[in-house]
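Colleague: I am new to this structure and would like to learn how to read its cross-links and charged pairs. Could we take them in turn?

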Amino acid sequence: MLLNAGDKTAWLPQQASTIAAEVDSLFYFILYWTVFFLAIVVFFTFYFGWKYRNNRGKGLTSSNDHNTFLEITWTAIPFILVMIVFFWGADSYIKMNIIPYGAMEVNVTAQKWSWNFKYKEGFSNPRELVVPVNRPIKLILQSQDVLHSFYVPDFRVKMDVIPNRYMMTWFEAIKIGEFDIMCTEYCGKSHSEMLGKVRVLSQSDYDKWIEEVNVVDESIPLIDVGKTAYKKYACNTCHSTDGSTGTGPSLKGIWNTIVNHENTAQMLVDENYIRESILNPQKNIVTGYPNGNMPTFKGLIRDREIEGLIEYIKELK
Amino acid sequence: MREYLETNYLNQETTIKSWLLTMDHKRIGLMYLFAIMFFFTIGGCLALLIRLELLTPAGGDVLDRDTYNVFYTLHGAIMIFMFIIPSVPAAMGNLILPVMLGTKDVAFPRLNLASWYIYVIGSCIGIYSIVAGGVDTGWTFYTPYSSTTDTAVISMTFAVFVLGFSSIFTGINFIVTVHKMRAPGITWFKMPLFIWSLYATALIQILATPVIAVTMLLLIMERTFQVGIFDPTMGGDPVLFQHFFWFYSHPAVYIMILPGMGIISEIISTFSKKKIFGYAYIAASSMAIALFGFLVWGHHMFTSESELAALVFSFITYLTALPSGVKIFNWLATLYKGKISFEAPMLYAINFLLLFAIGGLTGIFLGTLSVDIMLHDTYFVVAHFHYVMMGGTVIAFLGGLHYWWPKIWGRMYSEKWARVSAILIFFGFNLTFIPQFIMGSQGMPRRYWQYDGLANTELFHFYHILSTAGSWMIALSFVIMLIYLMHSIKNGKVSGSNPWGALTLEWQTPSPMPAHNFLEEPKITHGPYAYDEVEAERTID
Amino acid sequence: MSNEKTQYFQHHFVDPQQQHEASKFGMWAFLVTEVLTFAGFFCAYAIFRVWSPEMFINAHRALDVVMGGTNTVVLITSSLTMALAIRYIQMNNNKAAIINLLLTLIFAGTFLVIKYFEYEHKFHCGHLPGAFYSPHISPDCISIEGNNPHIFFSIYFMMTGLHGIHVIAGMVLITWLIIRTTKGHFSPAYYTPVELVGLFWHLVDLIWIFLFPLLYLIG
């Protein structure tokens, strides 16, 4: 059902969006000319090097030392080629920047070190951007802290994400599947772990997902909900489960212990403590982590997920 | 004459004070040479460690997250500010420019010494910054991360600020020397092309470096006084920093490459025993590159600026690329009907032609708007700039080092080992960086400590292994080079004044050079490349 | 005469004429770098002014035009006395030259004193850059409307601060000249350092002539 969805090649990933084929054609055009000119340089270097090799030959060489015609030719031909490339590139670029009318809008929030996607229906989905296939999707990007960059190689989409400003870009997926999202503007410690996924579904699957996403499946055991939430909300980028210190304290063995805080409060790690740490993390910061980097998850995380995390932490001895 | 000048600039005076307070451009150049090679070694070791970490997709085998981020930042900052920008102008330029122009020294020898000490101070501040834990912002120091991270940003940016003055003073010195102190008979169009390249570079140095000084100052102000010009919550704009930063840093890359291109002109002419083809065009292209280089800074920001700006910058970027192409064609035409020999400097020149061609051509991909969206901030960019900076400038620098080595020390290195090293570096370099082009176009982002959990992880893993293997080959070739070069200083064959049979003025004086450059007033009877009129005897066989 | 020649002539040059030309050219090249440095700050000014024109106009009212105007006159006069000093050396009148150099120094000092009072008032009113901006409402401190007025003061302090540092540097150089002139180092045959410092001083003046209207007189 999906035309023009090219496969991965030696140089480029699969073409999973409408613009990919066009960008790729230009890439190959430049590649072929690059190889051609490189071949010229290689050929003449080695050919002249071999033909005129003459170790310490005596005698003078020719005084032929300029040729205006040649100079003009080897300036003009590259000039024409780069102009072709410029106009072609500019044309595709403009297409990549003009957002189709009626595109489905999703707000993308970047923060150290996770992605969050907010849909017009009012809910948030962390880490995963779920979209229907064959529909233009407009992304409105903003950062909560430093510069980030939203990059989906399979779609050929990239846009820097800047604090206090909205950046916009768009894509239309032509292939159903999962595609990597990577942050590609250095943003600190866990920059290379700031990953996500675009999940492209058929329109009907997407509609189903929209209905179900706010419903939390009560049949899944709390501890599994907790384990999933731990990854989903990128807790792993700051809180380890094996005792090693990261940007935040490890979660191993903290349940039911007394913890000291920067504001001298000593608190017991119980259900309320964990809930407050997730919803209002700046209130009590653990001693030794004075920079207090943890953002709040209020409005993002669901109650059942908090309960699940509590169960999970209980198990981390 | 084939002899070693017994009393020369190296031993005319031997006290420590005579070195520390020297005003001899040759001694200053030599001190710069050792300093930059020292920093190159440090930057290179950082690179080897980074490449070692990247052998596996998971992070943490060799370096932890924080250390990795600090290492790649320091690798960039050290290589750019403490090695490559001073490399050809301050080391080679200082050693050779006045001699090539037939004069006794640069215009302002005391300023030259000051330039050296400012470089030392700036580098010490940089070392302090490293010892204080280093910086993790990337050498580009983008705000707001750089204005908020708690690493040693202020000391490193201050080091860059100080180092900038060293660059500016060298630039002023060279401009005035070229304008006012050429020996009679050396008109503008009879100057060697190395001088033209240093002149164009010096123009960029004095015009662009003040802007990085301002940028670093603004960042320091931002961090200490929170002035708020880059902070969006205080009405500032983080992208403004990028404009300021790249307004210098793009011309800076031409500071890096132009002198290297000048060296290549010298080497190709000498080792083809033929007049350089298109002299005027090569000189003009250096000036054109210097001018256009100021107009393209926005091509580093295609993913964060207005579309109109992007269109303009992309267009001008192509125009900037054309003069470099002109040079390559002119160099190839010089080989035509020459009498070519393949000693080490020529092998480096050939290296340059091939590697710089790749580097320059891959720039076309990045200047193309739609393709750049895909390639920006990926390993494609990393590969591109290593091809032009390392495959270009460093190779040209090594070519110049091997070319002028006998002039500096009066002795030859082992030709056999030099060829081994030159060939090894060619293969090692390509092995290191060609895989990076492919990784980049397949989606591997820059500045990643780990690359686990991606669809392409296995593919990246394969290419990273190749790349790391290549880095060890490069390291080996440098180790070999260090050994034979150091060995030659005391034990090399005496080279005499003109081992290559070249025609520029520095070869008409004995080796090592006399303290005041010439024993008798140099007489200019022919142009610098007049191999069709004059035959100069090689002093070595 | 030949004594002086051997005293100041540097032997890597071919003759004193080449030395003089080279020195002057070098100073001009250096001044170009200074212009580029300040140009960067002027750019920042322009950009923020375009983004918040109202705020700039409101904020600049906190600056004292009388003090700024006086400083402008002071600096221009100091450029005059500097030029006169050079003229007097050319006419072999060391005494008048020293007097004019001293006057230049005094005017420069006056500039800094007036600046000190201006800065003091800013501190008093809390009109400070960036995070230190804490406006203090009182009869002698105007209140400023608009977004982020601290930006205006960031730019004000950075630009006038950098300029002030250059004034101090100039004063050090002029003092050095006074000492050397007293010792008789200069004559109509050789006065290059005086000329070069003069060029530098004129640039310092010129930069202020741009700063003053842009900061004090807009709106």
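Colleague: Which residue does the disulfide join to C:Cys125?

Modeller: Keep in mind that this is a predicted model. A disulfide is a covalent bond between the sulfur atoms of two cysteines. Here the partner of C:Cys125 is C:Cys141, with an S to S distance of 1.9 Å. A search of the whole structure finds 1 disulfide over all chains.

Colleague: Are C:Cys125 and C:Cys141 buried or exposed?

Modeller: Both C:Cys125 and C:Cys141 are buried. For contrast, take a cysteine without a bond. A:Cys183 is in no disulfide, and the nearest cysteine sulfur, that of A:Cys187, is 3.8 Å away. The cut-off for a disulfide is 2.5 Å. A:Cys183 is buried, at a relative accessible area of 0%. B:Cys124 is likewise in no disulfide; its nearest cysteine sulfur belongs to B:Cys45, 19 Å away. B:Cys124 is partly exposed, with a relative accessible area of 45%.

Colleague: Now the charged pairs. How many salt bridges does the structure hold over all chains?

Modeller: Side chains of opposite charge can pair when their charged atoms come close. In this structure there are 26 salt bridges over all chains. One of them pairs A:Glu22 with A:Lys95, the closest N and O atoms being 2.8 Å apart. A:Glu22 is in helix 1 (residues 20-51) and A:Lys95 in helix 2 (residues 68-97) of chain A, so the pair ties together parts 73 residues apart in sequence.

Colleague: Which other salt bridge does A:Lys95 form?

Modeller: A:Lys95 also pairs with A:Asp91, with closest N and O atoms 3.4 Å apart. These two residues both lie in helix 2 of chain A, 4 residues apart, about one turn of the helix.

Colleague: Where in chain B do B:Glu343 and B:Arg538 lie?

Modeller: B:Glu343 and B:Arg538 form a salt bridge, the closest N and O atoms being 3.0 Å apart. B:Glu343 is in the loop between helix 10 (307-335) and helix 11 (344-367), and B:Arg538 in the segment after strand 2 (493-494), 195 residues apart. Both B:Glu343 and B:Arg538 are buried. Back in chain A, salt bridges that share partners join A:Glu22, A:Asp91 and A:Lys95 into one network.

How values were computed: Residues numbered from 1 in each chain as written. Chains lettered and ligands numbered in written order. Predicted model: local features only at pLDDT ≥ 70, side-chain atom pairs only at ≥ 80, totals over all residues. Heavy atoms only, no water. Buried < 20%, exposed > 50% of the residue type's maximum accessible area, 1.4 Å probe, protein only. Salt bridge = Lys/Arg side-chain N within 4 Å of Asp/Glu carboxyl O.
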